[in-house]
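Dear colleague,

I am passing on to you the structure that we spoke about, and I would be grateful if you could look through it alongside the notes below.

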Amino acid sequence: MDEIALGSLLASTLRVATPLILCAMAGVLAERSGVIDLGLEGKMLLCAFATGAVGALTGSLPLALASALAVGLALSMLHAYACVSHRGDQVVLGVAITMTAAGLTVVLGIAWFKMGGQTPALPDSVRLSPLFNGAAPALSALPFIGPLLALGLLGHNALVYLSFVLVFAVWWLLFRTRFGLRLRAAGENPAMVDAAGVSVLTLRYQALALNGAVCSLAGAYLVLAQNPSFVPHMTAGRGYMALAAMIFGKWHPVGALWACLLFGFLDALSIRLQGLSLPVVGAVPVQAIQALPYVLTVVLLAGFIGRARAPKALGTPYVKER
Amino acid sequence: MSVASNALPRWMDLGLLPALNLAIALAVCGVVVKIVGHDPAQVLALLVKGAFGSRAGISYTLYYATTFVFTGLAVAVAFHGGLFNIGGEGQAMMGGLGTALVALSLADHLPAAIVLPLMVLAAMLFGMLWAAVPAALQAYRGSHVVITTIMFNFIASALLSYLLVNVLKEPGNMTVESRRFADSARLPGVHDALAWLGVEWPRTPLNLSVLLAVAASVAVWALLWHSRPGYSMRAVGFAPEAALYAGIRPKRQVMLAMALSGALAGLVGVNEIAGVHQRLLLDFVVGAGFAGIAVSLIGRSHPVGIVLAAVLFGALYQGGAELAFEIPGFSRDMVFTLQGLIVLFSGAMAQVLAPALQRLHHALRPAAATQGAAHG
């Protein structure tokens, strides 16, 4: 492989990984506080729809982002109301959000835009453009690493870089602040948090609010950067893959980042390996590479390569003792 | 451990509360119908007419219901064993694969009387095996069955796609599907069966799998409430520690519950592949596994409830298809929306109204008591 191929492989890895990273961070925030989020897929889909619909109607990027944020927050507050306040089943809620989102986006899309569920293509002023366009030609002049850097690292939009910043921010929030310590404690031993005079309910509400905000970015990315418009079912299992990445990263933001990059790389690779025959193994079926993230996650969960330990109180609603 | 804390009387808990939740889901869906510019009352009337208004409509409703009985029972059996099986989707795909493999390899040489039972068995076996792996990982390695079954859905879909594209696809056929089965691998339609009896019935996808669904419901009922293994399974689901103390081995119960659950989900393959399509397709399950969660929630995980809920959902699917045909701009996805809303309000938020009902009950009870005293 030459440096141009490597550069474009790196670039598509980052492009594919970005929504996964954002979504996985949303998952880490919720699950570290003790609330399972199986609704990532549905939240992302509804946020993507809000971005596409409002972006197409108003032609304004801030409004599109704001609507995604509003939808993301509303969904995570619904999540909190049902599961934290009323101790509803968190798995069932996730399934409900995902099912409703899959139907509702198509129903509203068809009713409002009459394009079979798609939204009109967004104008370029709304979509995100590459951030460092100017620097690329200058860098390409460098031998070998030039094209790699220019193609692979510099041709991206702001959200791609923001997702990396967010990983650091989530890590810092969870592991270097008092709030993060409490949030993690709410996921491990909520009774202790309560005994220390801190409200478990409030912490979980806050964690879910952050979860909704970050998840809305993941949805917005799909419409603003990946595809020019909203398309029905465009998340295509990314929410579940992000969930797998979060588990593969052992519920740690940095671990989840590596897992997302690995899954993104596999995805980018599977497209390039299509119809290609490798020296030792022969032709690798695309489906095998596509299934690999899930297989790896199952193997990890089974404890055959390391141990993924979930937060101890994950999935159990907190009942205050009286 | 928290025990269900709602102290409602039985008729409120089992009758009023679920009815209210379902009504809220329907009302919210009605609002969505209104938002997209249709008249909810007209939509409801057309939906009922489409689902039950003709013999063909009823047949279609029952055909969809057959699939939902299988996936609903699958979710319910796992639930009674204390497990949440979200893998119905993948297990159903594998069931279809098992059905198709038997049909493709044997149907050319053997008569239907041998091939059809083998196809049913293969569907159950493949579904069972696909559920057994997550079950074993849960029982012996402690990996959470919810996550592993989700992962297995994706793995199943990749496997099915690989087999169809690279192995089973008919050469020269552009669509991704297997060759058509020989005639002996065709499960007779209900119209065929009625024709043998001399009754004329419109030709629909409804096939004899519907009898299989009835049999499965009775079998699940008998197993769970009238047999020793079923009792052990429910004991583990209801109170794992007490069950362990009573000498029931929880690991085996996990395996049993998931194996049964997978076998039931696998039967979807019989209804769709052997009964209707006559060939293996890529996405013949189309969300039936997830619909099973809704069916089981509405049916309160009891076979009788599940059959009724499956007919309700079958009617929604069939009525929704008719609506999409009758009203321009009406999308069948409205039904999927309603399905999600039902899972939301009858499942995740099922207890939200309980405190209010409890207060209402308390407010009414003293009055009833004094009244009773006055009469007594």
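This is a predicted model: local features need pLDDT of at least 70, side-chain atom pairs count only at pLDDT 80 or more; totals for chains, interfaces and linings use all residues.

Residues are numbered from 1 along each chain as its sequence is written, and chains are lettered from A and ligands numbered from 1 in the order in which they are written.

Chain A has 13 helices and two strands (DSSP runs, H or I of at least four residues for helices and E of at least two for strands, numbered from the N terminus). Its radius of gyration, 20 Å, is close to the 20 Å that the globule rule gives for 322 residues, so chain A is as compact as a globular protein of that length (taken over C-alpha atoms, the rule being 2.2 Å times the number of residues to the power 0.38).

Between the chains, 37 residues of chain A are in contact with 39 residues of chain B (C-beta atoms, placed from the backbone, within 7 Å). On the side of chain A that touches chain B, α4(A) supplies the largest share, 15 residues.

In chain B, 12 of the 17 residues of α11(B) are buried, so this helix is largely enclosed by the rest of the structure (buried meaning 20 or more other C-beta atoms, placed from the backbone, within 10 Å of a residue's own). Among these buried residues are Q253(B), V254(B) and M258(B). In chain A, 53% of the 322 residues count as buried.

With best wishes

Methods
Two residues are in contact if their C-beta atoms, placed from the backbone, lie within 7 Å.
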